[in-house]
Amino acid sequence: MAIQPQLTDARNMTDQHSSPISWFRNTAPYINRHRGSTFVIVIPGAVQESAALPRLLHDVALLRSLGVRLVLVFGSRPQIDKRLQDHGVKSTLHREQRITDSESLPHVLQVIGAQRIELEALLSLGLPNSPMQGAKLRAVSGNFVMAQPLGVVDGIDHHLTGRVRRIDSEGIDSLLDGGNLVLLSSLGYSPTGEAFNLSLADVAISTARDLKADKLIILGRSAGVHDSDGLLIKQYAVDQQAAVAPTDSEEARLLRMACAACHAGVPRSHIVSFEDPDAFLSELFTTDGSGTLVTSRPYEQSRWASIADVGGVLELIAPLEEAGVLLKRSRELLEAEIGRFRILERDGRTIACAALYPFPEQQSAELACIVSHPDYRGEQRATRLLQELEQEARTQGLTEVFVLTTQTAHWFLEQGFAKSSLDTLPPSRQALYNLQRNSKVFSKTLTQRS
């Protein structure tokens with residue numbers, strides 16, 4: 001069996017994505033996956049102050065047309081700051097939350113009311129030759145957030161600042177099932193008829209949790225979250241301790257919100273730029289996205305393949321079979337052998353595979369069909385699978401692994417393999433050797449790891 005960890009795909013992947021039609025075809029898995037899903041989208045006040053708002057709402061309309069259930073939670077901090085300043089009303093923050101008293105609350109209510117009207121008006125657009133033509137969005141808002149006073153924190157009375165007590169998830173679900181888009185603000189209401197100013201993060205996380213949302217999408221100014229070296233963090237697991245600089249930045253604040261949502265049970269949170277016109281849709285409809293994905297489990301996983309993975313493995317190896325690098329396998333053969341394959345899966349897509357064929361009587365095993373997707377080469381994925389299969393061979397009590405390859409001898413030498421000969425192979429494997437391919441044999445003695 002020929003082995004190929006890093007070869008250029010016979011098909012030009014760049015050409016596949018070069019035209020709008022090709023790109024649209026490649027979004028099909030995401031369209032199918034997102035249909036019927038529930039997304040909670042956090043729109044900070046800075047978004048509503050920017051020229052990006054109409055474009056973002058056009059993208060929201062597109063998502064709704066694709067069958068996504070949408071809740072928009074909008075913030076108001078810069079708008080409230082400006083209004084209070086204009087009217088000479090003092091306002092302070094404690095632990096990033098505004099202390100709202102009886103003097104400032106009427107201004108808060110007026111600001112949020114004006115924002116809601118603006119959003120509803122923009123979502124009602126339906127002019128010909130515009131992205132909203134034919135959208136017919138019905139935006140609904142209401143008293144879906146039940147609140148209670150935050151009380152005294154660190155000795156400071158927060159007056160009419162509150163926290164979420166309960167989300168009317170049944171009411172919101174009913175509206176979403178009816179094709180409506182739901183708008184929520186940072187206001188909550190109590191059974192005694194009071195209104196409370198709440199944290200945007202509290203409302204967004206509580207809503208996503210209680211609706212069992214599939215995603216929480218948080219819009220920010222930058223492309224996502226960057227590490228201390230200024231590099232974009234594409235994926236962040238909630239138990240990760242990556243350094244984010246600076247820790248008091250907007251990025252760090254959004255990351256805390258995203259992690260809190262995942263801890264609350266939301267599978268995925270996304271931090272996306274609202275200033276980049278393509279970032280929002282790119283994050284949702286491409287494999288690598290554009291921002292930072294925060295998950296409670298790794299985005300890229302290694303696991304043993306099952307019968308459901310046959311199609312993904314076939315897609316990986318088909319170009320190399322056509323190029324003569326790998327021996328052709330029928331679907332029937334692959335289905336029979338799929339349990340021997342280990343795969344790397346990224347966002348539901350198989351991006352690398354490798355197989356292990358044990359020969360227990362000779363205490364050896366063949367490593368075969370090591371393939372990485374052309375878009376994901378050069379990042380040690382083949383090495384990772386190789387090491388995992390070597391460890392599996394050790395677990396089975398085997399002492400040696402071998403490979404047969406026509407074009408990747410140097411790569412295996414770099415992995416600690418040494419050139420061997422045909423007569424060192426197990427007899428049953430020698431009988432299957434294809435003389436026309438003239439594959440070279442390499443072997444490696446497995447040392448036991450502690």
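Predicted model: local features only at pLDDT ≥ 70, side-chain atom pairs only at ≥ 80, totals over all residues.

1. Leu57 belongs to helix α5, which covers residues 53-65.

2. On the overall dimensions, the C-alpha trace of the protein extends over about 90 × 55 × 40 Å along its principal axes. The chain counts 450 residues, of which 51% are buried, and the accessible surface amounts to about 21,000 Å², with 50% of that area belonging to carbon and sulfur atoms. Among the contacts in the protein with a separation of 6 or more, 72% are between residues 24 or more positions apart.

3. As regards charge, there are 46 positive and 52 negative side chains in the protein, and the centres of these two sets lie 2 Å apart.

4. Once neighbours within four places in sequence are set aside, the residues in contact with Leu57 are Leu72, Leu119, Leu122, Leu123 and Met132. Val238, in contrast, is 181 residues from Leu57 in sequence, and the two C-alpha atoms are 29 Å apart in space.

5. Arg69 deserves a separate look. This residue is in strand β2, residues 69-74, and with a relative accessibility of 14% Arg69 counts as buried. Which side chains make polar contacts with that of Arg69? The side chain of Asp173 is joined to that of Arg69 by a polar contact of 2.4 Å, and the side chain of Asp177 likewise makes a polar contact of 2.4 Å with the side chain of Arg69. Not counting residues up to four places away in sequence, Arg69 touches Gly36, Ser37, Thr38 and Phe39, as well as Asp173, Leu176 and Asp177.

6. On the cysteines, how many disulfides does the model contain? With a disulfide taken as a pair of cysteine sulfur atoms within 2.5 Å, the count comes to zero. Cys259 is in no disulfide, because its nearest cysteine sulfur, that of Cys262, is 6.6 Å away and the cut-off is 2.5 Å. For Cys353, also in no disulfide, the nearest cysteine sulfur is that of Cys369, at 4.6 Å. Cys259 is buried, with a relative accessible area of 12%, and Cys353 is buried as well, at 0% relative accessibility.

7. Most residues other than glycine have a negative phi. The position of Lys212 is in the loop between α9 (200-210) and β13 (215-220), where Lys212 counts as exposed at 70% relative accessibility.

8. Leu327, in the loop between α12 (310-322) and α13 (331-337), counts as partly exposed at 29% relative accessibility. Along the chain, Leu327 and Ala382 are 55 residues apart, and their C-alpha atoms are separated by 19 Å. Gln391 is in helix α14, residues 381-395, and is partly exposed with a relative accessible area of 33%. How far apart in space are Gln391 and Thr447, and what is their separation in sequence? The two residues are 56 positions apart in sequence, and from C-alpha to C-alpha the distance between Gln391 and Thr447 is 9.7 Å.

Terms used: Residues numbered from 1 in each chain as written. Heavy atoms only, no water. Buried < 20%, exposed > 50% of the residue type's maximum accessible area, 1.4 Å probe, protein only. Contact = heavy atoms within 4.5 Å. Areas by Shrake-Rupley, 256 points an atom, 1.4 Å probe, with all protein chains shown as cover. Lys, Arg positive; Asp, Glu negative; His and termini not counted. Charge placed at Lys NZ, Arg CZ, Asp CG, Glu CD. Helix = DSSP H or I, 4+ residues; strand = E, 2+ residues; numbered from the N terminus. Polar contact = N/O pair within 3.5 Å; in protein donor to acceptor, adjacent residues only side chain to side chain.
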